Amino acid sequence: MPGLIGLLVLIGGVIFAISRIMDGANDVGYAARRFAWLRKSRRQVVDGISDAREAAAILMLQAPSYRGVLTDEDFEAVRAQLSETVGSSPEETTELLAVAGVALKEVGDAGNKLRPILRPINETCTAEQKQELLDSVAKLSALKGEPTDLQKNFQQQLSMALL
């Protein structure tokens, strides 16, 4: 009789151990799927940019932003410069600036995400177009006088990455 009780306890212990191992394996599988989903859901607008005009809009909107909050005059200067540089209609310019605004709210500083932002520019633009973009960023940096150190650093990073 004690042997039978011991055998039942042993079988129960094995069943309990197997069920705990299976629960642990399920938890690992759920954690892996959850991590993959979180990584996909954290993609930012700048990671999906495929249009060089959108990338240019982000860079041009970032330049005067280093001085602080953009005023209406700053925004209109960016709008005019963007329209002139990329040759977009007023409606397209508004859409490009909307995308740029969302992207900058997500990343905070476009200087920290230059590689994904510049990808479409490097793939599709000529050296002259890249230089025109650099000149536009320089103009927008000097809207309110001499560019700040942050603006100069941004221009230098941009120049090194483009040329």
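This is a predicted model: local features need pLDDT of at least 70, side-chain atom pairs count only at pLDDT 80 or more; totals for chains, interfaces and linings use all residues.
Accessible area here means Shrake-Rupley area, with a 1.4 Å probe. On that basis, the chain has an accessible surface of about 10200 Å². Carbon and sulfur atoms account for 59% of that surface.

Let's start with the fold. How many helices and strands does the chain have? Seven helices, zero strands. Reading from the N terminus, the order is α-α-α-α-α-α-α. The chain has 163 residues, and 29% of them are buried. Now the contacts. Take pairs at least 6 apart in sequence: 75% of those contacts join residues at least 24 apart.

Next, helix 6. This helix covers residues 127–141, which is 15 residues. From first C-alpha to last, helix 6 reaches 21 Å. At 1.5 Å a residue, the expected value is 21 Å, and the model is close to that.

Which residues of helix 6 are buried? Lys 130, Leu 133, Leu 134, Ser 136, Val 137, Leu 140 and Ser 141. Look down the axis of helix 6: these buried residues fall within an arc of 160°, so they line one face. Here is the background. An α-helix has 3.6 residues a turn, so residues three or four places apart point the same way. On the other side of helix 6, Ala 127 and Glu 128 are exposed.

And what do the buried residues of helix 6 pack against? Four partners: helix 2 at 52–65, helix 3, helix 5 at 114–124, and helix 7 at 149–162.

Helix 3 brings me to one residue, Asp 74. Asp 74 sits in helix 3, residues 72–86. Is Asp 74 buried or exposed? Its relative accessibility is 6%. The cut-off for buried is under 20%, so Asp 74 counts as buried. Leave out residues up to four places away in sequence, and Asp 74 touches Val 69, Leu 143 and Lys 144.

Now to the surface, and the other end of the scale. Leu 8 lies in helix 1, which spans residues 2–41. Relative accessibility for Leu 8 is 56%. Exposed means over 50%, so Leu 8 counts as exposed.

Leu 8 is also one of the residues in a nonpolar surface patch.

Note on methods: Residues are numbered from 1 along each chain as its sequence is written. Side-chain values use heavy atoms; hydrogens and water are left out. Helices (H or I, at least four residues) and strands (E, at least two) are DSSP runs, numbered from the N terminus. Buried means under 20% relative accessible area, exposed over 50%, partly exposed in between (1.4 Å probe, protein chains only). Contact means heavy atoms within 4.5 Å. The expected span of a helix is 1.5 Å times one less than its number of residues. The arc is that of the directions from the helix axis to the C-beta atoms. Patches are made of residues with over 30% relative accessible area and no salt bridge: like charges are joined within 9 Å, nonpolar side chains (Val, Leu, Ile, Met, Phe, Trp, Tyr) within 5 Å. A salt bridge is a side-chain nitrogen of Lys or Arg within 4 Å of a carboxyl oxygen of Asp or Glu.
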